[in-house]
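User: I would like to learn how to read a chain-to-chain contact. Please take me through one case.

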There are 4 protein chains.
Amino acid sequence: MDIGSRFDAPEFAALRERAARVRLLTCDVDGVLTDGRIYFNDEGIESRAFHASDGLGIKLLLRAGIEVAWITGSHAAAIEHRAKMLGVKHIIRDALDKITPWRMLRQELGFDAQSCAHIGDDLPDLPLLAASGLAVTVPNAPSTLRAAAHYVTETAGGLGAVRELCDLIFVAQNIDFDATMEKSA
Amino acid sequence: MDIGSRFDAPEFAALRERAARVRLLTCDVDGVLTDGRIYFNDEGIESRAFHASDGLGIKLLLRAGIEVAWITGSHAAAIEHRAKMLGVKHIIRDALDKITPWRMLRQELGFDAQSCAHIGDDLPDLPLLAASGLAVTVPNAPSTLRAAAHYVTETAGGLGAVRELCDLIFVAQNIDFDATMEKSA
Amino acid sequence: MDIGSRFDAPEFAALRERAARVRLLTCDVDGVLTDGRIYFNDEGIESRAFHASDGLGIKLLLRAGIEVAWITGSHAAAIEHRAKMLGVKHIIRDALDKITPWRMLRQELGFDAQSCAHIGDDLPDLPLLAASGLAVTVPNAPSTLRAAAHYVTETAGGLGAVRELCDLIFVAQNIDFDATMEKSA
Amino acid sequence: MDIGSRFDAPEFAALRERAARVRLLTCDVDGVLTDGRIYFNDEGIESRAFHASDGLGIKLLLRAGIEVAWITGSHAAAIEHRAKMLGVKHIIRDALDKITPWRMLRQELGFDAQSCAHIGDDLPDLPLLAASGLAVTVPNAPSTLRAAAHYVTETAGGLGAVRELCDLIFVAQNIDFDATMEKSA
């Protein structure tokens, strides 16, 4: 199945080259897998809104054999609920410093930094953007983040930004959707 | 009552012809009846936001004798709660493959594929778009979906896209609103 | 306090005349006091999002002695919770037909139709728009509604559309904000 | 770390001067720290959506030794939950009149009005905007508010407006992000 991607265009050649090497995708949560909103109710329970199209992208990525990890400064249990539903096994919460757990995860999985992609939207993500082979951020990120990224998504965080990155990886690695979808069924 | 529809315009003649044959409308849920956001709270409970104007459109469609079914890959109970409130009796959840249950439903109800409309927003909907007499998607769907659809709604998913499709069917089938609204009261 | 309103402009003279007569404001709920989204969780509990600026407008209207009523086809208890918090005493739920309870309320309060304003966004509101001295709808309402209204708000439903209508009434009736705010404190 | 701010531009010189004096930031809640939506469920429980980027801005401000207080007309417990999570100690709820508790807080902390910044979006915030050394509001505030403010944020309330104000203060006071982030870790 042709996903008909804009990433096929010649201008994305260098980006596709970076994406072709990706074996591990790490994602920030608030502002990336969500639109940054954290809902509090009067009983102190938090909610977050994840997007269905990010979910399908991540599931297909996992089926294609690419590792996915979420690294967040938050402690919220909702994040773990969503991750488990998608089959994401590596969830690092309470990460005020993100680079140390990221290095440990890379060593555990045996990937060098050039095989890693990171998508993040705020200052704590800067060290990971600087270190990763493919560094991605979202349109409303601070300018320092956008300057440090190889690519800024067209889609806003929480509305499919991660899916856009998944599509780039699918195109760059010639991953066949029909086959992966059957495996996922 | 004249619903004053843009679908009266000559450019929509071929589309109205397709819509005139519709006896069964099948709807994807996430991204179509919702804007794709899935809310998770810290206790693992999911929420989804359905739109009131879609709800009225579906109720009027049912009153006019057109069948409505929802087909979703999700398992969420919230979907069943909303469907029941609107009087939608056919709810197919956990449908990773959508074409098999769709064929079974068609046979059960006795409709051929030309009498069916489907609205969906992501890759699992492609087979249904290809098979249905009227294939509809939403503006932010992947390009493959938009290429496969007879019509892309102006309204985004979750904000009235399904109502827009209902309006097309009302116009194409000359359904009188006042009469159906009285029956619905 | 000058609320610095655009409704001071000459083009709004006829509209101000209608607004000057308003003694009773009736509001549809879904799509007007909310953006039309109805949140369902997996336990079947519904939520709706009301806007703080509508809330302040309604509280000031009540302090200025103008009656406010909500008329909705919905049964949801959340609507009653929000209405009570704002001091709105007239809440008509489950109103599939809105004109009969509206007439009863008018008689109970002793207002003629020219003293009434209604704001609504969908087909069940049409009879009230046709009957009310000041008929208002929101930008994304069906074209029949917009054709029937004396004014279409600039602000979308659920984001302050009702407050915009309150501001029109304040300007038309020369209501002094400082005084009403002190009374409301 | 250079936060690469637009507030470095010469046109913001007078604004930076005001921001350089800020020792206390007071924030309205609904419409400023949220987008104004108040979610009610059928059990009467309220929710509000705070933004992660505002949260990081406030935490860094506190680490840099600047006091932060929230002043709101609301009674909602959710506000206290979010404030505590960020380390905001001064929370004034049920404040229909905001100027009296603001003066008491200033005296308690020993700051004059010129050392105070306030960000608010509706009529009850006007007295604080008039009194504060740095008065800020959001794009969709009433025109009276915008006229009274020294600065109107580019970002909407609830989507990072408070973070934008934090960034202005960081630039004006030459606060070093790396250092404050390490202290916050």
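User: Let us begin with charges. How many salt bridges are there between chain A and chain B?

Analyst: A salt bridge is a side-chain nitrogen of Lys or Arg within 4 Å of a carboxyl oxygen of Asp or Glu. Between chain A and chain B the count is 2 salt bridges. In one salt bridge, the side chains of Asp35(A) and Arg37(B) meet at 2.9 Å, N to O.

A word on the basis. This is a predicted model, where local features need pLDDT of at least 70 and side-chain atom pairs count only at pLDDT 80 or more, while totals for chains, interfaces and linings use all residues; side-chain values use heavy atoms, without hydrogens and water. Residues are numbered from 1 along each chain as its sequence is written, and chains are lettered from A and ligands numbered from 1 in the order written.

User: Which elements give two or more residues to the side of chain A that touches chain B?

Analyst: Helices (H or I, at least four residues) and strands (E, at least two) are DSSP runs, numbered from the N terminus. In chain A the elements are strands E2 (37-41) and E3 (46-51), and helices H2 (52-63), H3 (77-86) and H8 (177-184). E3(A) gives the most, with 6 residues.

User: How does E3(A) run against strand E2 of chain B, parallel or antiparallel?

Analyst: Strands of a sheet pair through backbone hydrogen bonds, either parallel or antiparallel. Pairing here requires at least two DSSP bridges between the strands. E3(A) and E2(B) (residues 37-41) run antiparallel, joined by 5 bridges. Arg48(A) stands opposite Phe40(B) in E2(B).

User: What area is buried between chain A and chain B?

Analyst: Buried area is the accessible area (1.4 Å probe) that two parts lose on being put together, summed over both. It is about 2000 Å² between chain A and chain B, with 59% from carbon and sulfur atoms. Contact (heavy atoms within 4.5 Å) takes 30 residues from chain A and 20 residues from chain B.

User: What rotation superposes chain A on chain B?

Analyst: Two copies of a chain are related by a rotation about an axis and a shift along it. Superposition is by least squares on C-alpha atoms of residues with pLDDT of at least 70 in both copies. Here the rotation is 90°, with 0.0 Å of shift along its axis and RMSD 0.0 Å. The two copies are thus related as by a four-fold rotation axis.

User: Why do the copies meet through different surfaces?

Analyst: Only 13% of the interface residues of chain A are also interface residues in chain B, so different surfaces meet.
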